[in-house]
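Please look over the model below before reading on.

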Amino acid sequence: MELLPNPWAHLPDSPPFILPSDATHMTPALVSRAGLKLDQVPVPFVGDPRQASVVLLGLNPGWTPLTPVAEKGEYAEQNRLCLTYASRVPFFSLDEALVQTPGYLWWSRRLRLVIERCGIELVSRGVACVEWFPYHSASFRRLPSLIPSQTYGFELVRAAAKRGALIILMRSRDLWLSAAPELETADVLSLRVPRSPYVTPANLEAGGFLRVVSALNGAA
C-alpha cells in the first residue's frame with residue numbers, strides 16, 4: 001500500500017514541538033489536562049517501520065524529570081533525524097553512542113534477550129516501534145479525539161501488517177485493533193504482561209520468542 005506523506009518532516013525547529021497539522025487540536029487546556037511535554041521531540045516511531053521485520057506497538061513516549069536533562073543534544077538530534085528515517089542507527093535508541101541515555105537503557109533492557117540472540121546491529125536494523133500517540137507524557141491520558149499525525153503511524157502499522165511483518169502488541173490492544181483492523185488477521189503476538197513490556201520467552205506465547213529471532217535472522 002502507498003503511504004501518506006510523512007508529516008514529521010514539518011516538525012518545528014524549536015519548542016513547542018507540535019506538528020502544524022496537530023496544532024488546532026491541541027489547545028493549552030487540553031495539553032495541560034493530558035500532561036503533554038511538548039518541549040521534547042516527539043517519538044511517533046523508532047526504527048524504520050516501513051522495512052522492519054519485527055514491529056512493536058506501543059502507547060506513547062514516556063517522560064520523567066530526567067528526560068529533558070538526559071535526552072537532549074545528540075540524543076535529541078538522532079531522535080529528530082529518525083522522524084525522516086535519517087538517523088545514524090535506524091532504531092536510534094539503541095545507538096551505542098547513546099548508552100548513557102534513559103532511552104538506550106529502557107530499550108536495551110526490554111530487548112536484552114533478543115539482542116543477546118541476534119546482536120545489537122541486527123536488532124537496531126530489523127526492529128521498529130510505532131507509538132499509538134506520538135507526544136511525551138508522564139502518564140497516558142487519551143485525548144477526546146484522534147489527532148492528524150496519528151494517521152501516519154496507523155498507516156505504517158497497516159502497511160507492516162499487509163507485507164507480513166511480525167507484529168508485537170506491547171500495549172493497548174483494543175486501541176490498536178481499532179486503529180488498524182488489519183491486525184485481526186496479521187502475524188501478531190501479544191505480551192502476556194503488557195505493563196512489563198519485555199520481549200522474552202516468558203512474556204510471549206509458546207514459541208513466540210523463537211519467532212522473533214527467526215524473523216530477524218530471516219531478514220539479515
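1. Ground rules. This is a predicted model, in which local features need pLDDT of at least 70, side-chain atom pairs count only at pLDDT 80 or more, and totals for chains, interfaces and linings use all residues. Residues are numbered from 1 along each chain as its sequence is written, and side-chain values use heavy atoms, with hydrogens and water left out.

2. Start with strand β4, residues 166–169. Helices (H or I, at least four residues) and strands (E, at least two) are DSSP runs, numbered from the N terminus. Both faces of β4 are covered. Leu166 and Ile168 are buried on one side, Ile167 and Leu169 on the other. Buried means under 20% relative accessible area, with a 1.4 Å probe and protein chains only.

3. β4 has partners. Two strands pair if DSSP finds at least two bridges between them. Strand β2 (residues 54–58) pairs with β4 in the parallel sense over four bridges. There, valine 54 stands opposite leucine 166. Strand β5 (residues 188–190) also runs parallel to β4, joined by three bridges. Isoleucine 167 faces valine 188 of β5.

4. Together with helix α9 (residues 173–179), β4 and β5 form a right-handed β-α-β unit. Right-handed means that, with the strands pointing away from the viewer, the path from the first strand over the helix to the second runs clockwise.

5. The largest nonpolar core holds 70 residues. Such a core is a set of buried Ala, Val, Leu, Ile, Met, Phe, Trp, Tyr and Cys residues joined through side-chain atoms within 4.5 Å. Tyr135, Ile168 and Trp176 have the most contacts inside it. Helix α8 (residues 148–162) contributes the largest share of this core, six residues.

6. Now the largest pocket: how big is its volume? It is about 700 Å³. A pocket is an open set of points on a 1 Å grid where a 1.4 Å probe fits, with protein on both sides within 12 Å along at least five of seven lines; lining residues have an atom within 4 Å of a point. Volume is the space filled by probe spheres set on the points. Of 31 lining residues, Asn60, Pro61, Gly62, Trp63 and Trp106 are the closest to the centre. α5 (102–110) is one of the helices supplying at least two lining residues, and gives the most, seven.

7. The second largest pocket has about 200 Å³ of space. Its lining has 15 residues, with Asp48, Gln51, Pro90, Arg125 and Gly126 nearest the centre. Helix α7 (residues 120–126) gives the most, three residues.

Definitions and conventions: Buried means under 20% relative accessible area, exposed over 50%, partly exposed in between (1.4 Å probe, protein chains only).
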